[in-house]
Amino acid sequence: MTRLSFADLISLGSLGIRTRRLRAALSALGIALGIATVIVVTGIPASSQQALLDELTALGTNLLRAQPAQRTEDPVLLPESSVAMVQRIGPVTAAAAVANTHTRVRRNDLLDPGHSSDITVLAATPNLLETVNGHVQSGEFLPRPDFPSVVLGNTAAQRLGIAHAQDRPAVFVGERWFTVVGVLGPMPLAPDIERSVLVGWEAARTQLGFDGHPTVVYVKAREESIEDVRAVLPATLYGEIPGLVQVSRPSDALAAKRATQNSYSALFLGLAGVALLVGGVGVANTMVISVLERRSEIGLRRALGATRGHIRAQFLTEAVLLSTLGGLAGTALGAAGVAGYAALHDWPLVIPLPVLASGVLAAFVVGAAAGLYPSIRAARLTPTQALSA
């Protein structure tokens, strides 16, 4: 039996596509729309999910807060090297600390020293904002930790009557003037920082008599390990009596984030399966009709010596070529649609790379499956049956 070379197989398989271009284009369009649907129904939810996850992450899903237990006698003092100790925990990605300097802040030195504005003066490490997902609304965040400058929390700035830091106003902290170099944006998940005046760690030591022991340590860790980090934090910070260190539990937003990921995963699988099924049915229908219309061609080729295997390979190759061309077009069309929709809603563009790769692969597999029955049906036709049609 004569074996067809790969080049001959492609040439025969593309014969129907080249001679019936409009029908081939419409057939490829069917599978293209199916694959584009797969890309769209995975890309748009993935982009939407990423936007939602970014918002949930900003809420502090991977943030822990450790502080000593409140005691009237023998208060617990966290080590001065608390931040460095915590940063040695494997899954920890960032750590920062604040400390109450037990100093009062006034708008000017003419106010009564006993005046209370419920504003806490905190010494802060340089990477505090990075750790707690905060941002500066005006000015900058403590460019020189050893300089007598302060950054105001959003609520503290309102109480002191300072809206921005452009003019470098000054406030009276303890018995010294400090320059306001920044005002923080709202931080609803860190109200203690919102109501505080932040001073550089070294400036608090030299200007305010701060002893260097942090009162709160903020820890950011990888989400999948957040519970493990929470379990070892007390022993890390206060190994003598770990029970005297209180650690906040992971944010409820973390549970919401994990639930969101699971629900979206199920949605992806369901929608993608339906879209592929629709595309496969379209290709199968097209190939069955093609076999019926081309019976005379099949009969002529059989009469000239083509075997059943040749006929079967020809129609199966045609189905695969149609689906693959449609898959390429559908992948490009779907990616463009996702990009446009994400840009319209100001979402991050997220198209999983396996989805892009599997778009063409799925088209190939669907084409092979859809073309299997029509190719077998065509091969079963005898020359007499085909020519008599």
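Okay, let's start with the pocket: strand β1 gives the most to the lining of the largest pocket, with three residues. Strands here are DSSP runs of E, at least two residues, and helices are runs of H or I, at least four, numbered from the N terminus. By pocket I mean an open set of points on a 1 Å grid over the protein atoms alone, with protein on both sides within 12 Å along at least five of seven lines; lining residues have an atom within 4 Å of a point.

Before I go on, the housekeeping. This is a predicted model, where local features need pLDDT of at least 70 and side-chain atom pairs count only at pLDDT 80 or more, while totals for chains, interfaces and linings use all residues. Residues are numbered from 1 along each chain as its sequence is written, and side-chain values use heavy atoms, with hydrogens and water left out.

Back to the pocket. Its volume is about 610 Å³, counted as the space filled by probe spheres set on the points, which are joined across faces, edges and corners. Which residues lie nearest the centre? Those are Pro 68, Gln 70, Asn 100, His 102 and Thr 215, out of 29 in the lining. At least two lining residues come from each of β1 (63-68), β2 (92-100), β4 (120-124) and β10 (216-221). By class, that lining has 13 nonpolar, ten polar and six charged residues. Nonpolar is Ala, Val, Leu, Ile, Met, Phe, Trp, Tyr, Cys and Pro, charged is Asp, Glu, Lys and Arg, and the others, Gly among them, go in as polar.

Now the whole protein chain. We have 14 helices and eleven strands, and 47% of the 389 residues are buried. Buried means under 20% relative accessible area, exposed over 50%, partly exposed in between, with a 1.4 Å probe and protein chains only. Of the contacts with a separation of 6 or more, 80% are between residues 24 or more positions apart; contact means heavy atoms within 4.5 Å.

On to the packing. The largest nonpolar core has 45 residues, and Val 150, Val 171 and Leu 233 have the most contacts inside it. A core like that is a set of buried Ala, Val, Leu, Ile, Met, Phe, Trp, Tyr and Cys residues joined through side-chain atoms within 4.5 Å. Another core, of 19 residues, lies apart from it and includes Val 98, Leu 122, Phe 141 and Tyr 218. As for Val 150, leaving aside neighbours within four places in sequence, its contacts include Leu 142, Val 171 and Phe 178.

In an unreviewed entry, UniProt places "transmembrane region" at residues 24-44, 267-292, 319-343 and 349-373; positions are in the numbering used here, feature names are shortened, and annotations may be inferred rather than shown by experiment. In the model, residues 24-44 are 100% helix, with end C-alpha atoms 29 Å apart. Residues 319-343 are also 100% helix, and there the ends are 36 Å apart.

Is Ala 51 buried or exposed? At 11% relative accessibility, Ala 51 is buried. Beyond its neighbours within four places, Ala 51 touches Trp 347 and Pro 348. Asp 346, in the loop between α12 (308-344) and α13 (353-380), has its C-alpha 8.7 Å from that of Ala 51, though they are 295 residues apart along the chain. Asp 346 counts as exposed because its relative accessibility is 71%, and its phi is positive, near 60°.

Methods. 1 Å grid on protein atoms, 1.4 Å probe; cavity = no way out; pocket = protein on both sides within 12 Å on 5 of 7 lines; lining within 4 Å.
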